[in-house]
Structure formats: C-alpha cells, structure tokens
Amino acid sequence: MPSPENKVATDNPGSDISLEIHDLTVAYHKKPVLWGIDLVVPRGKLVGIVGPNGAGKSTLIKAAMGLLPISSGWVKVFGEPVKKNLTRIGYVPQRESVDWDFPVSVMDVVLMGRYGHLGLLRRPSKQDRDIARECLDKVKMLPYANRQISNLSGGQQQRVFLARALAQESDLYFMDEPFAGVDAATEAAIVELLHELKSRGKTLMVVHHDLPTARRYFDSLLLLNMRVVAFGPTDQVFTHDLLQSTYGGRLTILSEVAEAVRAKE
Amino acid sequence: MSPFVPDFDFQRVFIAPWARDLASFGWIALMGFFVTAACGLVGNFLVLRRMALVGDAISHSVLPGMAVAFILSQSRGTLPMFLGALVAGIVATVLIELIHKKSRVKQDAAIGIAFTSLFALGVILINLYAGKGGVDLDQECVLYGEIAFVPLEPMVVFAGQTLGPIPVVRMALVALVTALLIVLFYKELLVSSFDPALAVSLGISATVVHYALMGWLSVVVVSAFESVGAILVIAMLILPAATATFLSRRLPVMLGLTILHAALSAVLGVHLAVWLDCSSAGAMVVAGTALFCAAWVFNPTDGLLYRWFRERLKAPAVHPG
C-alpha cells in the first residue's frame, strides 16, 4: 500500500513536489555536517527549519541550492536538478553575510533579484525597475529606494533582502534566519509576507533558531540535527520527545524546550 | 635655499613642459593617465572584494609567466608576453585558492607564499635561460620600467596617422577595453562582489567572475609594467579606488571619480617630477597619494576636517562649562 506522499508523486509527477532531497550528505574538511537527509516538501508549505547551533540548518539550504559541494545524494527542485530551475529559486542569505558598507543603493540591491531573469550583457529594463519598486513597496521600503544601504537599520536591511527575494519572482524560497536581530514591526511584517507568499502557492524553507516563535510562525517544522529528526505539521512535530531528541542533552536549551512545550499546552 | 628641494619656479614647473616639450611631457602624462585609469578601474573591484593585496601578488607573479613565454617563443613580442602574464596570473590565483582552501593557512599568508615563490621562480628562470644568447630580458626591465622613456619608443602609424608611441597606444587600448568590460559585465561584477552566494543562486558563477577579473588584472599589469614600472601599477590599483570611497557611495560615480583621479595624478605627477627632477612614476604616485589625503581630510560627508568642526560645534552643548 503506497504512502500518501508516494501517491501524490505518482499521480502528478514533479508538479506538486517543490523540493525533493534524497540521501544528501555534506561534509566540511571530511567531517560530515549533514548525514543521509531525505526530504520531500510539497508545494505551498511554509517550513521552519529548527535545530541547535551546528545542526547544519544553513548548510542544508545552501546545499539544496547547489551553493556547497555535496558528498552524496541528490536534490531536485520541481522535479528537475537545481541548476535547471535556478530562476524558480529565491534566496535570502543571512544579513551578516554581506558588507552593508558596499557602495550601492537600496534600489540597486533589489534589482539584483532580477538578474536571474536577464541574460548575459542585458541590463535591468524599466519593467524590472517597476517590479523592484513594487517589491520595495510591499515591505514598506519604497521611500528608501535611493538610500545608500549603510544608512539602514537591521530591520530595514532585512526588508531590503526580502524585497530582493520577492523581485526574484520565484516559486521556492530559501531564507536563512530572516528574523535574526530585527525589530518587532519588521518581525510582524515578515510573518505577514511569508503567509501571503504561501497563500499564493509558494514554498518557503526558513531557517529559524527561536523555538517558542517557531511554533507560531510555521505550519510545518523540520527538526534538524545533522539528520532529519522529524518533518511534518507543526502540531504533530512540536512535541517534548522530538524536541528533546533534536536538541540532545543541552540543559539550557532543554529548559527552553520545556517552557515552549508548556506554553503550547 | 635647501640643496634637497629645488626652487619652485612656476614658469619652469608649470609652463615650460607644455610650451617647450609638449611632445615628450604630453606622452608621459597620457601614459600615466592610461595606466592609472586602467589600474584604478580594476582596482575598484579589488578593493570592494577586499583583495587589494592580491593585485600586488599578481603583479609579481607575472614574472615567471613572461619568462616562460620568452623561453618558448624566443621573443619579447607583445602577444607571448600577454599570454604568459595571463596564464601566470591565473596560476597565481589558483595557487592562492589552493593553499588557502586545502590547508589551515589563512588567505593573507597564502597570498604571501604564492607570489614570493612564483616571483623567485621567475628570477631563476631568467637567470638560467634568458641571459644566454645575448637576449635581453631581466627582472629589472620587467619590474622597473621608466615612464620617462615612453616618448622615445617607436611610433604607431595607423592609416597614415601617427597615433603615438607603442606603449601609449597599447595602454590606451587596454584602458578602453577595461572600461568596456566593466560596462558590459557590470551586473555580474556587482552581484558577485556584493553577495557571491546570491550570484551563484542566480546562475552567475562567482568563481568564473573571480578568475576573469584576475586574468584581466594580469593583462593590465603586464601591459603597464614594461614601460612604467611596478610602483605606479601597484599603487594605482588601490589609491584611486580608496580616494573615490571618500567622495561617493555609488559605484558608477566612484568609477568616474577613479578616472578623474587618474587624470589629476598624471598631470600633477608630471609637474612634480619636473620641479623635483625625479622619477615621473614616483611623482605620479605621490600626487595620487596627496589627492587621497585631500579627499580624506576635506570630503564633505565624513572628512576629518568636517568631523573636527562638527565636534567643536557640538562640544559646548554637550559639556557646558
């Protein structure tokens, strides 16, 4: 008897599965960071990736996008290898991964999201600029379009990155800690944006490190610690036993987990 | 009257070079401008990628490439020298990456290892092969060219028109192609410098851009070296870009300012060299450094002078009495 996932896959090959990872292993300097990851993410899911520091959360999304060499296994996006579907993938890197003193304006950064749709030697057109402006408006950053990026607060920087991801007009988004170090207003704006994207059938894979909010923000959770501990709807996965096996015997975190579980009950 | 600093005679320093020796000073200034502009344009991207010293490294690493090209072709022709330098520049880049990625050695140390060993290899190759058969190629002529000799080089004649001395015409072409490449591949250069991970996720290979930049850097360096020497090249990879950083926070404007810096450094350098009767290349670097300092002190957004005034004006309010 086939499992429900298999049934979906065979009925409608490729189209309802946005991300499929099979037996993925990634190693840094011969030391495995991710081990035998198997994952099938249907379309239209808002997935939070949680796990302790060093669990390989960022590594997982980078490897899935082909940014890191993988030791074994494969990744398919909408039924095809990642390289063939790059324009359908959007990426929000960690805010600290870039130099915010770089001599570009907010508009320049958002326009980078359009580069994947332009060929070699082609410059962003008026249409690309209009799209970029719309995306900036969606994150309430349009008035800052001509600002130099070093004059932005942390929350504003994150909104610019989100606008850039929106400008990519992708179907599958990978976001690396978009909530890290942002103000409350930005946090609420990001949550709203994630849900809006999900309601439009986009799939979102979001690395998140705060457990209590993870339960509220995401409808699916991927508990990760080198391996997939659990993946499923938040209310089924966010249990004491599963969180404990994700975070191991780390006392401080365990008490947080206990608190989070209590808050749930 | 100091014996070390000659008298400043406005007529002699500023008027005479153009009135009496326009041909020679004109070519020297133009050569300085093209070298500085080409180096400065490429240098902007090196500085943005925090690879300023890689330029220094590549400029030393081209020596073995030119030596091997010379041994294989038995000539000091332009094409073999260019190809040799290009290959050497890329080998140096690969070597730096290899040492840095495959061992615990950090990038700055990897740069130090790669370029000194390649430079040493070049010296040995020249000692072994080039001296024989009475052919002249030595490390001095590669690294310590003299810009003052540029006007004496043979002229390029194209379609009946005398264009200029060979090195000047060659350098003008290199500067022009540099500008053209930056215009054509602006978005690839921009995104791979700002956010390499995003670039790769967009299908723009950060690695390809990196090697292409290093390869072109080698071409710029070698076309400048023979005639102007290492000091001008290495300094001008960093100075114009660093100066532009003070004056604008928009990359296209910075690139324009780089060219302005190149023109001013070249002209001021020529006058300084006439005044002090010293090396033109050295004087151009000093002039470029003076412009850098001026931009540092006087720029209107966060210049030292502006900050000093602002703090002076603010101080009484903050600390009364």
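## Pockets and cavities, defined

On a 1 Å grid over the protein atoms alone, a pocket is an open set of points with protein on both sides within 12 Å along at least five of seven lines, while a cavity is a set of points where a 1.4 Å probe fits but cannot get out; lining residues have an atom within 4 Å of a point. Points are joined across faces, edges and corners, and a volume is the space filled by probe spheres set on them.

This is a predicted model, where local features need pLDDT of at least 70 and side-chain atom pairs count only at pLDDT 80 or more, though totals for chains, interfaces and linings use all residues. Residues are numbered from 1 along each chain as its sequence is written, chains are lettered from A and ligands numbered from 1 in the order in which they are written, and side-chain values use heavy atoms, leaving out hydrogens and water.

## The largest pocket

So what sits nearest the centre of the largest pocket? Arg49(B), Lys101(B), Ser192(B), Pro196(B) and Ala206(B) do, out of 28 lining residues. The volume of this pocket is about 920 Å³. Its lining splits into twelve nonpolar, eight polar and eight charged residues (Ala, Val, Leu, Ile, Met, Phe, Trp, Tyr, Cys and Pro count as nonpolar, Asp, Glu, Lys and Arg as charged, and the others, Gly among them, as polar).

Four chain B helices each put in at least two lining residues: helix 4 (78-102), helix 8, helix 9 and helix 10 (206-228). Helices here are DSSP runs of H or I, at least four residues, and strands are runs of E, at least two, numbered from the N terminus. Helix 10 of chain B has the largest share of the pocket lining, with four residues.

## The cavities

Met51(B), Val54(B), Thr93(B), Ile96(B), Glu97(B), Gln107(B), His210(B) and Met214(B) line the largest cavity. Helix 4 and helix 10 of chain B are the elements giving two or more residues to that lining, with helix 4 of chain B taking the largest share at three. By class, you get four nonpolar, three polar and one charged residue.

## Where the chains meet

Counting contact as heavy atoms within 4.5 Å, 25 residues of chain B meet 33 residues of chain A. The two chains bury about 2,500 Å² between them, 66% of it on carbon and sulfur atoms; buried area is the accessible area (1.4 Å probe) lost on being put together, summed over both parts. On the chain B side, Lys187(B), Phe194(B) and Arg249(B) lose the most area to chain A, together 31% of what that side buries.

## Salt bridges

A salt bridge puts a side-chain nitrogen of Lys or Arg within 4 Å of a carboxyl oxygen of Asp or Glu. The whole structure has 14 of them over all chains, and three run between chain B and chain A. Arg249(B) pairs with Asp101(A) at 3.7 Å, N to O.

Within chain A, Glu169(A) and Arg114(A) form a salt bridge, with their closest N and O atoms 3.1 Å apart. This pair links distant parts of the chain, 55 residues apart: Glu169(A) is in the loop between helix 5 (154-167) and strand 7 (172-176) of chain A, and Arg114(A) is in the loop between helix 3 (106-112) and helix 4 (126-138) of chain A.
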